[in-house]
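Have the sequence and the 3D view at hand.

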Amino acid sequence: MASPKKTRRAGRAHDRRGPGGPPARRDGRSGEIASRIAGELEAIVAGSGLYLEEVRVGRSGRGMVVRVIVDLPSGPGGVGSDSLTEVSRAISARLDDVLVEGSYTLEVSTPGAERPLTDPRHFSRAEGRLVALTLADGSGLDGRLQNLDGDTVSVRANGRLHTVRIAEISSGRMRVDMGKAESKAVEEGED
């Protein structure tokens, strides 16, 4: 889910905190700016009950593009459009006040339906969803993630429950669940 893009003329710039905080793209000057922005936005996003997943900064024409990815802190579910709108406004106000010189485009979104699964929090967020995992031995496991228990995930695939330690997963990704979407449409009377 993504909010509408927003272009604004920014106010003054202050560097009130050094690099650190949530993940930010680190490629030269853009990486430094992304790190500074992430440090400033972490408390704002957390205050909205969300988790700051990533900040990316790039160029578009003469202006800067600031991409902010937010998510729920843990567990299944999704970020509602009202929450995304609220946090987008708070982020925009903060950027206007202190961070970005010149014009910029702000894009605030969630990680998406096919997000990569790289840490325990991501697996927690995928509970109840279809996942595609590649295990360290090269085998694959595609099924519905049942739960996360410590450093172990349980995935129901081919009628069996498979338990795998996260350390044994070389890559993972959530998958779009068309069956779930189709059953929801039927429940709501859509054809």
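The model is predicted. Five strands form an open sheet in the order β8-β7-β6-β5-β9, with antiparallel pairing. β8 and β9 (169-174) are the edge strands, each pairing on one side only. From one strand to the next, the twist averages 40°.

Strands of a sheet pair through backbone hydrogen bonds, either parallel or antiparallel.

## Strand β7

β7 covers residues 152-157. Five of its six residues are buried, under 20% relative accessible area. The strand is therefore largely enclosed by the rest of the structure.

## β6 to β7

Strand β6 spans residues 140-149 and pairs with β7 over five bridges, in the antiparallel sense.

The hairpin of β6 and β7 has two residues between the strands. Glycine 150 takes a positive phi there, near 65°.

## β7 to β8

β7 pairs with strand β8 (residues 160-165) over six bridges, again in the antiparallel sense. Arginine 156 has leucine 161 in β8 as its bridge partner.

This hairpin of β7 and β8 also has two residues between the strands. In the hairpin, asparagine 158 takes a positive phi near 55°.

## β5 to β9

Strand β5 (residues 130-135) runs antiparallel to β9, and five bridges join them. Leucine 135 has its bridge partner in β9: isoleucine 169.

Terms used
Residues numbered from 1 in each chain as written. Predicted model: local features only at pLDDT ≥ 70, side-chain atom pairs only at ≥ 80, totals over all residues. Heavy atoms only, no water. Buried < 20%, exposed > 50% of the residue type's maximum accessible area, 1.4 Å probe, protein only. Helix = DSSP H or I, 4+ residues; strand = E, 2+ residues; numbered from the N terminus. Pairing = 2+ DSSP bridges. Axes fitted to C-alpha atoms, helices over the stretch in contact; angles between N-to-C directions.
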